[in-house]
Amino acid sequence: MTRFSSKPPPRPLLDLFQCSLVVGQEFALTCLLLTRHRAAMQHEGDPDQWRQVAPVVVLPLILIFIFDREQTTPEKRACDALLLAGMLRLVSSVLRTLTASYSSDTVYALSIAGMVVHLLACDYRYANGQVRKKSAGVVSLNASLFSMTLLASRLSSNATVYVFVSTSVILFAFYPAARHAIAVTQQYASIVFLVINVLVSSATWLFLESLQEQLLFGGMLLSICLLAPWWEYAVLQDHKIRLSGPWDIAHIAQSDGT
């Protein structure tokens, strides 16, 4: 079996740290969604509650408008955004009463499970710009929207549901395309991701209510962004092998003269 296996070249530690930033960013966004919903439940009707999360929403909006080139013109992107905003405003009253027959414990358990699936199924290679097309992530997106819908049904105000759903759609549906564009086109994408991680983590930190939650969140974030890359660099890479043999798909090499 050894003749069919080879050891891949080791990846630099800095490269592993850079790739872990989007994983930590997605974890911080997930925690922000859950903690923001809890704060909205406790302080619903307080206009100051949305000012705390406004910078986290405005920043992805700016990044989407600048870097997401899938739409042809800024006017078309703005038109689509207004159309989606109007549709979400119309269905906010339906979302608010969607799970009225479910208990709150069931809703929260399903929501947390959905966000765990979102984290596990997210297409991090696309987020890091390692692939040009999004080959996975549909399950991740559906899981995040499923959790968002369940959480929105626990809110009692149509306006609060509308803001919560709009924020979630921006962060989990539209922002990944802009994040991919940043990773592909920007030379200092890792610095941009680091700044975004700090902003999102700081916003999440404001909504954590106890020292235990802060320690757990900080420990998980440090493990994802620092400990996991170091563990892969120091331990796991020594055990990696690449299998190749006659079962591989043959690729025809073409020269300039053919």
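Visitor: At what angle do helix α6 and helix α7 pack, and how far apart are their axes?
Guide: Helix α6 (residues 138–152) packs against helix α7 (residues 158–185) at about 170°, and the axes lie 10 Å apart. The model is predicted: local features need pLDDT of at least 70 and side-chain atom pairs 80 or more, whereas totals for chains, interfaces and linings use all residues. Residues are numbered from 1 along each chain as its sequence is written, and side-chain values use heavy atoms, without hydrogens or water.

Visitor: Why is α6 called roughly antiparallel to α7?
Guide: Angles over 145 degrees count as roughly antiparallel. The angle here is about 170°, so α6 is roughly antiparallel to α7.

Visitor: Which residues make the contact between α6 and α7?
Guide: On α6 they are Leu-141, Ser-144, Met-148, Leu-151 and Ala-152. On α7 they are Val-161, Phe-164, Val-165, Ser-168, Val-169, Phe-172 and Ala-173. Contact means heavy atoms within 4.5 Å.

Visitor: How do the residues of this contact divide into nonpolar, polar and charged?
Guide: Ten are nonpolar, two are polar and none is charged.

Visitor: How do you know whether Met-115 is buried or exposed?
Guide: Buried means under 20% relative accessible area, exposed over 50%, and partly exposed in between, with a 1.4 Å probe and protein chains only. Met-115 has a relative accessible area of 1%, and therefore it is buried. Met-115 is found in helix α4 (residues 104–121).

Visitor: What does Met-115 touch, not counting residues up to four places away in sequence?
Guide: Met-115 touches Thr-30, Leu-33, Leu-34, Ser-144, Ser-147 and Phe-172. Leu-33 is 82 residues away along the chain, yet its C-alpha atom and that of Met-115 are separated by 9.4 Å.

Visitor: Which residues of the largest nonpolar core touch the most other members?
Guide: They are Phe-27, Phe-164, Val-165, Phe-193 and Phe-217, in a core of 41 residues. Two or more residues come from each of α1 (13–42), α3 (74–96), α4, α5 (124–127), α6, α7, α8 (189–206) and α9 (211–234). Helix α1 gives the most, with ten residues. Leaving aside neighbours within four places in sequence, Phe-217 is in contact with Phe-27, Ala-28, Cys-31, Ser-201, Thr-204, Trp-205 and Leu-208.

Visitor: How many helices and strands has the chain?
Guide: The chain has nine helices and two strands, in the order β-α-α-α-α-α-α-α-α-α-β from the N terminus on. Of its 258 residues, 38% are buried. Among contacts between residues at least 6 apart in sequence, 81% join residues at least 24 apart.

Conventions: Axes fitted to C-alpha atoms, helices over the stretch in contact; angles between N-to-C directions. Helix = DSSP H or I, 4+ residues; strand = E, 2+ residues; numbered from the N terminus. Parallel < 35°, antiparallel > 145°, perpendicular 65-115°, else oblique. Nonpolar A, V, L, I, M, F, W, Y, C, P; charged D, E, K, R; others polar. Core = buried A, V, L, I, M, F, W, Y, C linked by side-chain atoms within 4.5 Å.
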